[in-house]
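Trainee: I'm new to this structure and would like to learn how to read it. Could you walk me through a few features?

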Amino acid sequence: MSAVLVEESAPVRAPLHDRGARAVLALARFEARRLLLSVPVVIAFVAYVAWIVWRTRDSWDGHPVLQDADRATQSMPMLVGLAVLLGAARAVVRSERHGTEHHFSVLVLRPWRRMAGHALSVVPAALLTAGCVAGQFGWEALKAGAVGHGSPAELAVGPLTVLAFGALGVLLGRLTMAAFAAPLLVVVLLFVFVLGTGPSGASGLSWLAPVVATTGPDPLPSDLLGRPAAWHALYLAGAALSLALLAVAVAGGRTAAVRAGLVLSLAATVTGGILQAGGATPSKELTAARERASVHPELTCAEHGGSRYCAFPEWAPRTGTWAGVVDRVQAVAGGSAHDRPLVVRQRIDARYGPGTDAAIPALTGAGQVTVGTAWGGNRVPEFSSAVAAVLVAGSEAAGSELCDGRMVTVMWLSLSWQDDPMGALRRVRLDDSVTGSAIVLSPTDPLSMTEGQTDVVRRLLENPPAGTGARVKAHWAELTAPGVTTARVAELLGVPGPKKADSCED
């Protein structure tokens, strides 16, 4: 019996580090696909997209201010991030749960390389979130009534939040190797961040949270916001990278590159955290700029139809829209008010920063009307009521003191030309009513309607007699005379008068 010895040449192998890198990327692709197709993540993204469609169709009544619209993209990605956190943590502990951890000892990948693959697997979810953010903001920016400027740093918050939450899930899975740890952390984060039990937006500590919402009822010019958005983006990016590299280091990846990356990412996190906390306090320059914008603003003015419209530069494209409302109000007015030149001036109170609702005093100058930075919806009848009050009473301050039958004339001028006059009447009143006495909203000091005035206005708007517009112009002098009663105004306009006499106390 003889044996033949066959000598075979050893196969040519690629360098170990090259095979390891390709294996990490292969694992990252595999885990990313599983993560994106997991039930919590799919539900989160479907809910996210549905929320974008539902909200963005009618947001800001079709007139968004983009320095507010960019911040509106930040809240929903937090829920996506929680789903990614849960999925990433479960992926890390999968081998432990299934009892297959010992099989990985025969593979090329060392434990720390596996952690690197898991950390990279959350990147596609962050990129998909970035696509959703771009779609939402782009939709807002393409609306015909959009004004202002968005911030790339603010838009980056949503994707970076998902990235940081995903990296946190990888680290949590590595540290605990327990399936219950991630759901427990998700519940805690829901209470702290999503349900609003974390620190308030007024303190520098609040900027340690992923999202800091400071949106108020009246948008401010972008240069007056004073939000340290760039430092916050650096803080989130550094935190995400630090968590990912820490997971790799805990798994045994203590190479020079990992250590250097961890030091640099921690430095970026600390730098961004410190500078964003300091930036949360307005500087002297910002405080002075807000004071100037509130007291002596630098506005851009344009002429439309004989009236002058002055706005902050970012709102300059909206002056034509304001002019359209003024023209409609003056078209139904009589006497000299029909073509009286007005000065429409945009005014804000920015001294307390974004997120505050500060009252703006009425102007005392004749023919001057205030307009705010928000527009659409209720703001249209509020502005038209202010214009009508100035045409009838002479000034905003005098209009806010009206208590006689002239208030009926004001509301007719403000609402009769609108597509849904009764709906506009409801929206412009503080209590959303069409009966009884009520406060009428205005960009500055509100107006007041008695019960009798409300009854007459409602009859005029619900079923106006033929020729009401002609009567308004024919009897303009008497309809706008100080002291005219509501009963006399109703008689002149051809509708039944009120059951009660005029009284500001009704």
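**Strands and cores**

Mentor: Gladly! Cys-310 stands opposite Arg-345 in strand S3. This is a predicted model, where local features need pLDDT of at least 70, side-chain atom pairs count only at pLDDT 80 or more, and totals for chains, interfaces and linings use all residues. Residues are numbered from 1 along each chain as its sequence is written, and side-chain values use heavy atoms, leaving out hydrogens and water.

Trainee: In which sense do S2 and S3 pair?

Mentor: Two strands pair if DSSP finds at least two bridges between them. Strand S2 (residues 307-311) and S3 pair in the parallel sense, over 3 bridges. S3 also pairs in the parallel sense with strand S4 (residues 368-371), over 4 bridges; there, Val-343 has Gln-368 as its bridge partner.

Trainee: Which side chains of S3 are buried?

Mentor: In a regular strand the side chains alternate between the two faces of the sheet. In S3 (residues 343-346), Val-344 and Gln-346 point to one face and are buried (under 20% relative accessible area, 1.4 Å probe, protein chains only).

Trainee: Which residues touch the most other members of the largest nonpolar core?

Mentor: In soluble globular proteins, nonpolar side chains tend to be buried together. A nonpolar core is a set of buried Ala, Val, Leu, Ile, Met, Phe, Trp, Tyr and Cys residues joined through side-chain atoms within 4.5 Å. Here the largest has 64 residues, and Phe-383, Met-411 and Leu-425 touch the most other members. Helix H15 (residues 379-393) gives the most to this core, with 9 residues.

Terms used. Buried means under 20% relative accessible area, exposed over 50%, partly exposed in between (1.4 Å probe, protein chains only). Helices (H or I, at least four residues) and strands (E, at least two) are DSSP runs, numbered from the N terminus.
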